Amino acid sequence: MLVTGMKQLQEHGPAGAVFRRFGRPHNQTLLETIGNPRREAADARQQAEYAAR
C-alpha cells in the first residue's frame, strides 16, 4: 500500500489526487483531504443567504 502511494506521488506530485481518506471511494488532492472547516462554514452561510434572497 505504501509503495503504491509513493509511486502515485512520484507520478502525479503532491497536487495530484493521490490521497485516500477513510470512508471515501476515490482519491483526493491534499487540500481536499485536509479540508478547511472555516471555509466550508463560510460557504454554507453564503449559500444560505443566496437561497434566502
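1. Let me begin with the surroundings of Gln28. Leaving aside residues up to four places away in sequence, Gln28 touches Gly16, Ala17, Val18, Phe19, Arg21 and Thr33; contact here means heavy atoms within 4.5 Å. Gln28 sits in the loop between helix H1 (2–12) and helix H2 (30–34). Its relative accessibility is 7%, so Gln28 counts as buried (buried is under 20% relative accessible area, exposed over 50%, partly exposed in between, using a 1.4 Å probe and protein chains only).

2. A word on the basis of these notes. This is a predicted model, in which local features need pLDDT of at least 70 and side-chain atom pairs count only at pLDDT 80 or more, while totals for chains, interfaces and linings use all residues. Residues are numbered from 1 along each chain as its sequence is written, and side-chain values use heavy atoms, with hydrogens and water left out.

3. Gly13 is another residue of the loop between H1 and H2. With a relative accessible area of 16%, Gly13 is buried too. Beyond residues up to four places away in sequence, Gly13 touches Gln8 and Val18.

4. Now the overall fold. The protein chain has 3 helices and 0 strands (DSSP runs numbered from the N terminus: H or I of at least four residues for helices, E of at least two for strands). The radius of gyration is 16 Å, well over the 10 Å that the globule rule gives for 53 residues, so the protein chain is more spread out than a compact globule. That radius is taken over C-alpha atoms, and the rule is 2.2 Å times the number of residues to the power 0.38. Along its principal axes, the C-alpha trace spans about 50 × 20 × 15 Å.

5. On burial in general, 8% of the 53 residues of the protein chain count as buried.

6. Which residue forms a salt bridge with Arg39? The partner is Asp43, with the closest N and O atoms 3.8 Å apart. A search of the whole structure finds 1 salt bridge, defined as a side-chain nitrogen of Lys or Arg within 4 Å of a carboxyl oxygen of Asp or Glu. Both residues lie in helix H3 (residues 37–52), 4 residues apart, about one turn of the helix. Asp43 is partly exposed at 39% relative accessible area, whereas Arg39 counts as exposed at 56%.
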